[in-house]
Amino acid sequence: MSDVLELVDVSVVRDGRALVDEVSWSVKEGERWVILGPNGAGKTTLLNIASSYLFPTNGTAHILGERLGGVGTDVFELRPRIGMAGIAMAEKLPKRQTVLQTVLTAAYGMTATWHEDYDPVDEERAKAFLDRLGMNEYLDRKFGTLSEGERKRTLIARAMMTDPELLLLDEPAAGLDLGGREDLVRRLGRLARDPYAPSMIMVTHHVEEIAPGFTHVLMIRQGKVLAAGPVETELTSRNLSLCFGLPLVVERVADRWTAHGLPLN
Ligand SMILES: Nc1ncnc2c1ncn2[C@@H]1O[C@H](COP(=O)(O)OP(=O)(O)OP(=O)(O)O)[C@@H](O)[C@H]1O
């Protein structure tokens, strides 16, 4: 298995403060990682490095075999190989474009301009991804009129459009109601268990959002890695308590996870 992402002693320093602090982490082909950590821990900063939009201050980062900032690495060639679905991307997309156009423009590396001359093959692909995410009845809806859950599903379909080798999901279930979350977890679970799906990294705050099929977890607190490895061994009450800074109990129920704090006495 080759490395999809390899960080060695990576730090990101801003205003004299390490937002990410000497992180060493590797993601192998086919693995599905969850990044867990409290607000401000550095999760999005890590994801921004993985998407090649942020360069480390110190240390080395290889993405899909290419060294970030290395001689001969062209980030513009690298970026189409990485799918990114997150709030930052949603804000860049025109609200007046339809759902189908929003997904289709990804194939051409654009966030905006809509030309009428898209390849029918691409259109079919866009429709197939939207169908897989349960969005086939929304093809002509304006992106700006979608609910939070519909928008999240559209963004995942969009991220799949370039046939990425690495899929990055930044809090895909944030803001969804219980039904919306469960629907998304089911769809992500199907994707995670698909052997042809790309390697995946998902940022989340909640263990309930970990879909079956996710294989590894990285826990981060104040920019430092607390635990990294297979979900079965690393997602423990001890690690989660250290990560979030209070006593927590994590339980596995069938193929899902749940966590709660201990009562105050
Ligand atoms: N450009 C910047 N300059 C200075 N500080 C920054 C910058 N970008 C992020 N930070 C800080 O770095 C820390 C980590 O931010 P990051 O967004 O990676 O955290 P996070 O784990 O994704 O948090 P959340 O769960 O709240 O989204 C935060 O304290 C944030 O305020």
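Me: A residue is buried if 20 or more other C-beta atoms lie within 10 Å of its own, exposed if 12 or fewer do, and partly exposed in between, with C-beta atoms placed from the backbone. Why does D15 count as exposed?

Reply: D15 has 5 C-beta neighbours inside 10 Å, so D15 counts as exposed. The model is a predicted one, in which local features need pLDDT of at least 70 and side-chain atom pairs count only at pLDDT 80 or more, while totals for chains, interfaces and linings use all residues. Residues are numbered from 1 along each chain as its sequence is written.

Me: Where are D15 and L64 placed?

Reply: D15 is in the loop between strand 1 and strand 2, and L64 is in the loop between strand 4 and strand 5. Strands are DSSP runs of E with at least two residues, helices are runs of H or I with at least four, and both are numbered from the N terminus. Phi is positive at D15, about 50°, although D15 is not a glycine. L64 is likewise a residue other than glycine, and its phi is near 50°.

Me: How many helices and strands does the protein have?

Reply: There are nine helices and twelve strands.

Me: How do you know that the radius of gyration agrees with that of a compact globule?

Reply: The radius is taken over C-alpha atoms, and the globule rule is 2.2 Å times the number of residues to the power 0.38. For 265 residues a compact globule would come out near 18 Å; the protein has 18 Å, so the two agree. The C-alpha atoms fill a box of roughly 60 × 45 × 35 Å along the principal axes. Of the 265 residues, 38% are buried.

Me: What share of the contacts comes from residues 24 or more positions apart?

Reply: Two residues are in contact if their C-beta atoms, placed from the backbone, lie within 7 Å. Among contacts with a separation of 6 or more, 62% are between residues 24 or more positions apart.

Me: What makes strand 1 and strand 2 a pair?

Reply: Two strands pair if DSSP finds at least two bridges between them. Strand 1 and strand 2 have eight bridges and run antiparallel, and V10 stands opposite V23 in strand 2. Their hairpin has two residues between the strands, and D15 with its positive phi lies in this hairpin. Strand 1 also joins strand 4 through five antiparallel bridges, with T60 as the bridge partner of V8. Strand 4 and strand 5 have two bridges.

Me: Why are strand 2 and strand 5 called edge strands?

Reply: The open antiparallel sheet has the order 2-1-4-5, and strand 2 (17-28) and strand 5 (66-67) each pair on one side only. Helix 1 packs on this sheet, touching strand 1 (3-14), strand 2 and strand 4, at about 55° to the direction of strand 2. Axes here are lines fitted to C-alpha atoms, for helices over the stretch in contact, and angles run from 0 to 180 degrees between N-to-C directions.

Me: What makes helix 1 mostly covered?

Reply: Seven of its eight residues are buried, among them K43, T45 and L46. Just after helix 1, S52 has a positive phi of about 75°.

Me: Which residues surround the ligand?

Reply: The residues are R14, D15, L19, G37, N39, G40, A41, G42, K43, T44 and T45. A residue counts as near if its C-beta atom, placed from the backbone, lies within 6 Å of the molecule. Helix 1 (residues 43-50) gives the most to this shell, with three residues.

Me: What is the make-up of the shell by class?

Reply: The shell has two nonpolar, six polar and three charged residues. Ala, Val, Leu, Ile, Met, Phe, Trp, Tyr, Cys and Pro count as nonpolar, Asp, Glu, Lys and Arg as charged, and the others, Gly among them, as polar.

Me: In what order do the six strands of the mixed sheet stand?

Reply: The order in this open sheet is 6-7-8-3-9-10. Strand 6 (82-85) and strand 10 (224-230) have a single partner strand each, so one side of each is without a neighbour in the sheet. Strand 9 (residues 216-221) is joined to strand 10 by six antiparallel bridges, and V225 is the bridge partner of I220.
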